[in-house]
Amino acid sequence: MVRPQFSQLDEAGRLRHFLTTEGLCRETLTDILDTAESFAAVGKRAVKKVPLLRGKTVVNLFFEPSTRTLTTFELAAKRLSADVMNINLRRSATVKGESLLDTLRTLEAMHCDMFVVRHASSGAAHFIARNVAPHISVMNGGDGRHAHPSQALIDVFTLRRHKPDFSKLRVAIVGDIAHSRVARSQINTLLTLGVREVRIVAPRTLLPPVPEALGAKVCLSLEEGLRDVDAVMMLRIQHERIQGPLLPSIHEYFQCYGLTEKKLAVARPDAIVMHPGPLNRGVEIDSEVADGPRSVILQQVSHGIAIRMAVMSMILGRRNGVEEPG
Ligand code: CP
């Protein structure tokens, strides 16, 4: 039997779920970024709330630790006036042996409208989206090494604010590409939005088996990877997804791939430094760079709220009959 292909879009091509950036066209991605600009303005008001999702219920289902993603999804939903529940999975029935599907059925029975899912397994958000009731939408808060679509949009939103003409940009993504869901979503989003050159920079052991398949230029040397770039996106080593030693030592990794002011000198003088977090100082990035004038890392965190408000409102606001921020 041929299984029908699962789509995160509805029949009209609009977002019904938000699971991956793959398959989303430039217009849809740009629409999210433009909508997020309006919500960033809302975040600067004295009253940071709009009534777009009044009466809707968003449930954060995080099976893996998170600081930025969980809190900004929660704030985003609250600023849209939705009711929000964070399920503490250590205290939920899943630890008593209840299956994921039975937990979903239980939450569905409470008339929720959206699940935000983070899970250690690649494909978990798709699995949940396939199995929820038709009135529920799923947003992927990061699944295994597969995708972290809202993080990629935060990163390109931040990049666009500093460097709006993507057709001129060279961007380097540096670090553990092999195990990073963020890298996959970043590469896909940057290429779809027309960035001139995307480079991935890592030792062979932290690249996937066929790195060229990602569509980016592969650089094994940090100096080659950083030369003349407009932006550097650093990644941490994803220890939780690594089995066995892939690096001689953290010290040696920092010597070869850790970002310092000295190594950054080959990038363009106005190059910006980004990191989706959590960042490991002295492993992939030196404090002098992380806290320096070219770092936009904390701006990325702030933009997390606007991007997540944008996507939630595009999915759920439509059902309330409203499209734009108030
Ligand atoms: N960038 C990111 O996903 O961070 P958290 O793990 O803190 O959510």
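**Cavity, pocket and domain contacts**

Visitor: What volume does the largest cavity have?
Guide: A cavity is a set of points, on a 1 Å grid over the protein atoms alone, where a 1.4 Å probe fits but cannot get out. Points are joined across faces, edges and corners, and the volume is the space filled by probe spheres set on them. For the largest cavity of this predicted model, the volume is about 50 Å³.

Visitor: Which residues line the largest cavity?
Guide: This is a predicted model, in which local features need pLDDT of at least 70 and side-chain atom pairs count only at pLDDT 80 or more, whereas totals for chains, interfaces and linings use all residues. Residues are numbered from 1 along each chain as its sequence is written, and side-chain values use heavy atoms, without hydrogens and water. A lining residue has an atom within 4 Å of a point. The lining consists of Arg68, Thr72, Gln151, Ile154, Pro276, Gln300, Val301, Gly304 and Arg308.

Visitor: Which element gives the most residues to the lining of the largest cavity?
Guide: Helices are DSSP runs of H or I with at least four residues, strands runs of E with at least two, numbered from the N terminus. H2, helix H5 (149–162) and helix H11 (297–316) each give two or more residues to the lining of the largest cavity. The greatest share, four residues, comes from H11.

Visitor: Is Thr72 buried or exposed?
Guide: Thr72 belongs to helix H2 (residues 68–79) and is one of the residues lining the largest cavity. Beyond its neighbours within four places in sequence, Thr72 is in contact (heavy atoms within 4.5 Å) with Val301, Gly304, Ile305 and Arg308. Buried means under 20% relative accessible area, exposed over 50%, and partly exposed in between, with a 1.4 Å probe and protein chains only. Because its relative accessible area is 5%, Thr72 is buried.

Visitor: How many residues of domain 2 are in contact with domain 1?
Guide: An automatic or database domain assignment sets the bounds, dividing the chain into domain 1 (26–147 + 302–320) and domain 2 (149–300). The C-alpha centres of domain 1 and domain 2 are 26 Å apart. Domain 1 brings 26 residues to the contacts, and the number from domain 2 is 27.

Visitor: How many charged residues are in the lining of the largest pocket?
Guide: A pocket is an open set of points with protein on both sides within 12 Å along at least five of seven lines; the largest has a volume of about 340 Å³. Its lining comprises 21 residues, with Arg118, Arg181, Arg236, Gly277 and Pro278 nearest the centre. Ala, Val, Leu, Ile, Met, Phe, Trp, Tyr, Cys and Pro count as nonpolar, Asp, Glu, Lys and Arg as charged, and the others, Gly among them, as polar. By class, the lining has five nonpolar and nine polar residues, and the number of charged residues is seven.

Visitor: What is the omega of the peptide bond from Gly277 to Pro278?
Guide: Most peptide bonds are trans. Pro278 lies in the loop between strand S9 (272–274) and helix H10 (287–290). The bond from Gly277 to Pro278 is cis, with omega near -10°.

Visitor: What is the phi of Ser81?
Guide: Ser81 is in the loop between H2 and strand S2 (83–87). With 18% relative accessibility, Ser81 counts as buried. Although Ser81 is not a glycine, its phi is positive, at about 75°.
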